[in-house]
Amino acid sequence: MQFGHFDDEAREYVITTPHTPYPWINYLGSQEFFGLVSHTGGGYCFYRDAKLRRLTRYRYNNVPVDDGGRYFSINDGGDVWSPGYRPYKTELDSFETRHGMGYTRITGARGGLTASVLLFVPVDVNAEIHRVELTNTTDARKDVDLFSFVEFALWNAEDDQTNYQRNLSIGEVEVEDGAIFHKTEYRERRDHYAVYGVNAPIAGFDTDRDTFLGFGNGFDEAAVPHAGQSQNSVASGWYPIASHHLEVSLEPGESRAFTFVLGYLENPRDDKWEAPGVIRKDGARELLARFATDEATLAEFDRLTAHWDSLLGSYTVESGHDKLDRMVNTWNQYQCMVTYNMSRSASFFETGMGRGMGFRDSSQDLLGFVHLVPERARERIIDIASTQFEDGSAYHQYQPLTKRGNHTLGSGFNDDPLWLILGVAAYIKETGDFAILDEQVPFDNDESKAESLMEHLKRSFDFTVNNKGPHGLPLIGRADWNDCLNLNCFSTEPGESFQTTGNRTGGVAESVFIAGMFAAIGPEYVALARRRGDDAEAARAEQAIEEMKAAVLEHGWDGDWFLRAYDYFGNKVGSAENTDGQIWIEPQGFCIMGGIGVEDGRAARALDSVRERLNTPHGIVLLNPPYREYHVELGEVTSYPPGYKENAGIFCHNNPWVIIAETVIGRPERAWEYWKQIAPAYREEQSEVHRLEPYVYAQMIAGKDAVRHGEAKNSWLTGTASWNFITVSQYLLGVRPDWDGLRIEPCIGAEVSDYTVRRTVRGAEYVIRVANSGGTEPSLVVDGRPLDGTVVPYAEPGSVVEVSVTV
Ligand code: BGC
Ligand code: NOJ
């Protein structure tokens with residue numbers, strides 16, 4: 001069952017009913033100002049930091065779900081409705097929401113009036129635009145009242161939800177020329193304010209929520225729209241909102257459009273008042289003037305579209321398979337941009353108040369982002385590396401606004417350092433910017449402790465070398481990629497964080513997964529050292545990698561698959577000897593990506609075990625059998641009911657590792673089949689089972705042991721986005737930037753017979769035409785000449801290189 005369809009030409013997902021199984025959302029903004037918007041208009045916006053600079057309020061865990069957002073109310077002769085269906089839930093004659101690249105258009109019609117709300121954040125502007133177009137489709141004149149509505153958050157989203165004894169007394173606004181200014185706390189330590197204005201004369205306004213809704217009413221009973229008349233209320237404490245009232249007359253067939261602007265502005269601290277108690281508003285006036293006409297608004301919208309054209313232009317495929325093309329060309333790349341911007345902060349599953357930027361998460365997000373805006377990737381790399389400690393370990397998270405490491409969480413996640421090497425390597429392969437390695441980057445944000453980025457990578461590499469356990473395998477610390485495998489935690493108190501409690505330093509608990517990472521990622525460090533002429537360092541690193549691989553073969557192999565870990569007591573985790581959790585997905589993927597067991601057939605055996613034990617039609621589960629009891633020595637993973645999350649859920653993040661592993665051992669059919677299982681466009685037809693957005697990946701799909709097998713949770717913000725994008729673009733379609741050229745090694749099922757990839761990298765365009773019969777040994781012809789090998793040397797910027805591939 002579907003609740004909409006893709007419009008590939010427009011790069012939109014078109015939702016045709018308000019009654020989806022869950023709010024299906026989109027993101028606005030990709031620089032500093034961001035909004036989340038559901039298909040019925042719910043959501044909120046913020047400037048840079050979803051916790052500390054929240055402009056509008058949103059209530060998670062609310063009933064009804066997804067209540068509150070930017071609501072436009074229409075009173076048409078006493079009939080009150082909203083184009084997004086909510087909050088009034090007045091039946092509409094037609095409803096359609098189009099989620100596109102950085103914008104959402106919600107259109108509803110009722111009683112001969114069509115109302116269309118286009119929401120977007122223009123390029124380089126710190127504001128959300130709400131363009132409301134009303135069309136009279138009858139043959140009589142219509143006089144309607146239109147009301148806007150947003151509810152302000154008092155900036156700090158967490159405090160806003162908890163500190164009522166203070167907050168209910170501090171709300172302040174100003175109203176000037178029809179624009180509403182939110183200035184809570186501006187009189188003291190804030191130098192920022194919000195404005196909500198409109199480019200038309202208003203008949204009235206409201207800024208006090210109780211006046212607008214009527215005390216005790218829900219959004220659906222809002223008093224002012226029902227009365228058809230604003231009260232010109234001025235908030236003082238309690239709950240500041242912004243609502244404009246427009247009286248609109250429409251001749252038969254006439255359309256009129258209004259631009260509402262919800263902006264964020266800052267003033268210099270020593271020049272923030274226009275008059276005593278009156279905010280300096282030059283910035284806001286300029287912003288509103290910029291959107292004074294509809295032409296200007298539409299021109300900004302065109303600029304946004306052009307921006308996305310150019311962003312998405314550096315990797316495109318034409319395969320004749322709609323679902324494959326739309327994942328690669330549009331939606332997977334789009335999700336990579338969103339996860340890069342948000343990290344794991346703000347979605348409909350992450351409140352924006354919790355996590356900052358993850359060291360591991362952001363490093364992996366780089367993989368799917370470097371080709372989109374390389375300059376921003378560069379900056380991010382420096383930010384991430386600046387939160388590293390001198391021994392190579394790292395703060396697990398940092399705050400986006402301050403860029404400082406998060407002390408509460410601290411460090412001790414022993415996989416973290418290696419991800420940085422992978423991110424930097426991806427960036428350099430994409431850009432050729434080897435100079436980044438000479439950038440001086442602080443440790444722990446302390447400029448007096450700065451070293452070159454290359455030195456940071458060395459410390460990353462050596463962190464694993466210097467932190468091994470009894471079997472010569474890496475110590476796991478608090479956890480590795482799997483945040484829930486907490487072998488040193490031993491938590492028995494409800495509510496304790498598994499990630500920050502305990503961490504006994506037994507020096508025993510080891511991770512085979514980190515060993516696999518070291519084997520897979522270590523060679524990137526070797527390559528960099530060699531390119532810098534440091535052969536001795538390269539040889540030393542190679543030796544360390546060989547030792548690690550040997551340790552895995554000796555102590556990390558269970559007979560039919562790779563072990564997962566050794567626990568605090570030195571017992572095996574992920575072994576046929578265990579009752580539950582016998583086989584885990586992560587080491588099967590990464591050890592094989594690191595080349596372990598490829599030659600002696602263990603890799604194929606491990607992947608066959610994955611298929612037998614872990615695969616389902618909805619994707620590959622994380623482990624099997626699921627844990628049925630809580631194991632204090634294993635931690636959070638055993639706290640989840642069977643089939644959910646890390647306890648045998650389908651993690652869409654690590655399915656790609658198995659897919660890549662299948663390509664490593666040359667099994668294109670399986671790789672292709674596994675990729676399709678979890679790709680959202682391929683799951684669209686079972687939306688009633690999957691339940692979340694069919695245009696983006698979710699972190700998890702409930703596994704085979706779950707009550708609701710196949711149901712997705714936690715959509716949008718997940719490393720799944722990057723890993724699936726590089727899997728399909730670099731390994732299946734097989735176009736992968738390398739150090740000296742574009743490596744072209746397709747490995748995709750024969751179902752995708754002929755396809756063309758257009759890839760722009762380092763300023764040159766490569767047009768790659770592939771004739772595929774599902775083979776694994778490609779032969780290449782470049783500009784008419786047969787090529788030895790599979791790496792097409794990078795061409796001069798500006799050139800177009802024609803590549804034909806037969807495989
Ligand atoms: C989740 C993990 C997540 C971790 C972050 C856990 O509860 O299961 O997926 O990475 O929290 O702190
Ligand atoms: C989500 C976290 O953001 C990520 O860092 C972690 O690797 C996965 N969960 C698995 O636990």
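I started at Arg 759, which is buried at 3% relative accessible area (buried is under 20%, exposed over 50%, partly exposed in between, with a 1.4 Å probe and protein chains only). Arg 759 sits in strand 40 and Glu 430 in helix 10, 329 residues apart (helices are DSSP runs of H or I, at least four residues, and strands runs of E, at least two, numbered from the N terminus).

A note on the source: this is a predicted model, where local features need pLDDT of at least 70 and side-chain atom pairs pLDDT 80 or more, while totals for chains, interfaces and linings use all residues. Residues count from 1 along each chain as written, chains are lettered from A and ligands numbered from 1 in written order, and side-chain values use heavy atoms, without hydrogens and water.

Next I looked up Arg 326, which bridges to Asp 8 at 2.8 Å. Arg 326 lies in helix 7 and Asp 8 in the loop between strands 1 and 2, so the pair ties together parts 318 residues apart in sequence. I counted Arg 326 as buried at 10%, Asp 8 as partly exposed at 34%. The total is 76 salt bridges.

Then helix 14 (585-593): 9 of its 9 residues are buried. Gly 595 follows, with a positive phi near 85°.

Last, I checked an open antiparallel sheet, order 28-29-30 (strands pair if DSSP finds at least two bridges between them). Strands 28 and 30 are at the edges with a single partner each, so one side of each lacks a neighbour in the sheet.

How values were computed:
A salt bridge is a side-chain nitrogen of Lys or Arg within 4 Å of a carboxyl oxygen of Asp or Glu.
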